[in-house]
Amino acid sequence: MIRRRALFALGVAAALALAGPLLPAYPLTLVTQALIVAILAMSLDVLLGYTGLPSLGHAAYWGVGAYVVALLATERGVGLAGCAVAGIVLAALTAAVFGLIAIRAAGTYFLMITLALGMVVWGLAFRWVSLTKGDNGISGVPRPDLFGLGSLAGPLPFFYFTLVAAVLAWALLGLLVASPFGLTLRGIRESESRMRSLGYNVWLHKYLAFVLSGAVAGGGGVLWAYYNGFVSPTDVQLITSVEALLMVALGGPGTLAGSVLGAAVIVFLKNFVSIYTKRWLLILGAVYIGVILFAPRGVMGALRGRSRS
Amino acid sequence: MSRPDFWIIQTFNGLSYGALLFLLASGLSLIFGVMRIVNLAHGSYFMLGAYVGLTVALQTRSFVLALLGGAAAIALIGIGMERLFLRRLKGQTLGQVLMTVGFALIFQDLALLIWGGDPYSIPVPRALTGSFTVGGVVFSAYRLFLIALAAAIAIALWLLLDRTRVGALVRAAVDDAEMAQGVGINVPRASLGVFALGSALAALGGVAGGGFLGVYPGTDFEVLPYAFVVVIVGGLGSLPGAIVGSVLVGLLDNFGKALFPELSYFTLFAPMALILAIRPTGLFGRG
């Protein structure tokens with residue numbers, strides 16, 4: 001089962017890699033955007049789908065990664081490796097601090113605390129003007145060089161770089177959820193008290209999942225800063241966190257492929273609908289409500305339900 | 001301005017902001033207490049209430065009618081949301097979150113469609129626009145009105161919850177909805193009533209706030225985190241918690257903005273994190 005899924009995912013990645021040069025510029029940037037956002041959605045799914053922790057502040061780690069790149073790459077001229085390591089490490093550290101506070105709580109309290117913690121990061125991005133330039137954001141983030149092998153400035157090289165990063169993130173998270181550690185997480189999702197009485201350190205498992213998920217989200221944020229060339233408080237606001245939740249819910253929680261699918265659908269929808277109408281928020285709102293009413297287990301959940309029945 | 005004046009004025013301003021937060025957050029806390037719903041559209045009630053109040057105030061030139069009209073209109077919206085949508089999602093936290101966000105986005109866009117993107121201010125009676133001086137310190141009359149309004153609402157809510165039959169039903173539903181249902185209390189009806197009351201309170205806060213903060217697109221998601229912090233600090237479903245939480249958050253926010261402007265959100269959220277580290281269910285929450 002795992003091998004079949006891995007082959008399928010690699011097949012999709014290979015098809016994308018082959019299609020890349022054939023795609024016109026705009027669709028190519030959209031696919032790139034979808035791949036980056038998919039990293040955020042997959043990292044959230046590890047918490048929401050596999051561990052049963054609905055984080056409502058996941059944009060915080062994504063935003064920390066993005067802001068670190070923006071700060072280091074613009075004024076200080078730090079290269080790709082430095083930015084990526086710093087972005088991921090700081091995102092992981094943020095998650096490590098926030099996790100200490102959030103993991104104590106369960107269910108709805110967890111949701112509200114992660115929401116409030118996410119707002120801390122947003123508040124700093126918005127108000128700490130001397131560092132983050134506040135509402136104006138930090139622009140002019142240059143696309144990096146790939147360790148002296150060539151520039152990632154063009155859309156196609158950057159697309160390939162993103163594709164490799166997304167496949168790596170998927171492989172890392174896929175191995176994680178299939179490992180004994182991942183099975184324990186699923187056990188915790190199903191029954192925390194049972195896992196505790198079986199002798200598992202429930203807190204530690206949740207905490208490690210939380211930090212790891214934050215680190216991967218931070219990696220996505222690093223790519224996001226390079227992709228947009230611009231970072232602003234919008235990237236860390238509540239709606240960004242909620243959108244990530246929507247992607248996971250739409251694809252089907254507990255399925256990494258579903259998160260990728262959900263991310264792709266929302267990215268394409270947002271970009272296409274906003275071309276045709278100014279009222280795209282109305283449509284996006286309707287999508288939220290529709291998903292919950294008509295596909296409560298997401299696309300993957302619906303597909304699996306059908307193949308079983 | 002001399003130093004003691006600074007502290008007196010800032011404390012007064014913080015208290016009046018806390019009063020506004022109480023109107024906003026008490027409804028969220030009540031709704032959560034009875035239905036365990038994390039309502040991310042609660043900030044939208046605040047904003048829509050302000051917009052409806054604005055229209056009523058401009059049409060009728062009456063601030064009282066604006067307060068009542070805003071509250072009534074948004075209570076109807078709350079009833080519709082609970083009855084037609086949220087009731088189906090009992091116990092599904094994630095579903096409730098996403099659905100209420102969907103509504104928040106729709107409300108945001110509709111408000112933009114109806115009222116446009118320009119900022120407005122709700123006209124208030126002349127008696128409230130002035131200021132008064134006590135011991136050489138100048139206070140705003142409108143801020144005093146906010147404190148009085150919130151105090152009146154807090155007392156009314158306490159009497160309603162503590163001294164009436166309806167209040168007893170609601171308290172029973174907060175304590176244990178299943179058990180309350182079991183002894184013959186109509187919990188769905190109590191839920192609907194609480195939802196209507198909670199959304200009306202938020203709308204009331206919106207109209208009252210529109211008199212001095214103004215009404216503009218984006219208010220909804222601007223006030224939402226404050227409502228959540230109040231409820232988290234005070235404890236979910238607790239009226240004393242909402243009161244203490246509002247005052248605390250109002251003061252923290254005000255002093256944070258006055259003393260450390262660049263870190264103002266940090267000075268608001270960091271104490272919250274500290275309280276949670278000691279009491280995960282908030283000051284007055286019961287787990």
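These legends describe close-up views of a predicted model.

**View 1. Chain A as a whole.** Chain A holds 14 helices and two strands. Its C-alpha trace spans about 55 × 40 × 40 Å along the principal axes. For 309 residues, a compact globule would have a radius of gyration near 19 Å, and chain A agrees, with 19 Å. Of these 309 residues, 49% count as buried. Among contacts in chain A with a separation of 6 or more, 76% join residues 24 or more positions apart.

**View 2. The contact between chains A and B.** Chain A brings 37 residues to the contact, and chain B brings 33 residues. On the chain A side, the elements that give two or more residues are α5 (107–127), α6 (129–132), α11 (238–251) and α13 (280–294). The largest share comes from α5(A), with 13 residues. By type, the chain A side divides into 29 nonpolar, five polar and three charged residues.

View 3. Strands β1 (residues 131–134) and β2 (residues 137–140) of chain B pair in the antiparallel sense. Four bridges link the two strands. Ser131(B) stands opposite Ser140(B) in β2(B). Two residues lie between the strands of this hairpin. Here Gly135(B) takes a positive phi near 55 degrees.

**View 4. Helix α11 of chain B.** This helix covers residues 239–259, 21 residues in total. From first C-alpha to last, α11(B) reaches 30 Å. That is close to the 30 Å expected at 1.5 Å a residue. In α11(B), 15 of the 21 residues are buried, so the helix is largely enclosed by the rest of the structure.

Terms used. Residues are numbered from 1 along each chain as its sequence is written. Chains are lettered from A and ligands numbered from 1 in the order in which they are written. This is a predicted model: local features need pLDDT of at least 70, side-chain atom pairs count only at pLDDT 80 or more; totals for chains, interfaces and linings use all residues. Two residues are in contact if their C-beta atoms, placed from the backbone, lie within 7 Å. Ala, Val, Leu, Ile, Met, Phe, Trp, Tyr, Cys and Pro count as nonpolar, Asp, Glu, Lys and Arg as charged, and the others, Gly among them, as polar. Two strands pair if DSSP finds at least two bridges between them. The expected span of a helix is 1.5 Å times one less than its number of residues. A residue is buried if 20 or more other C-beta atoms lie within 10 Å of its own, exposed if 12 or fewer, and partly exposed in between; C-beta atoms are placed from the backbone. The radius of gyration is taken over C-alpha atoms; the globule rule is 2.2 Å times the number of residues to the power 0.38.
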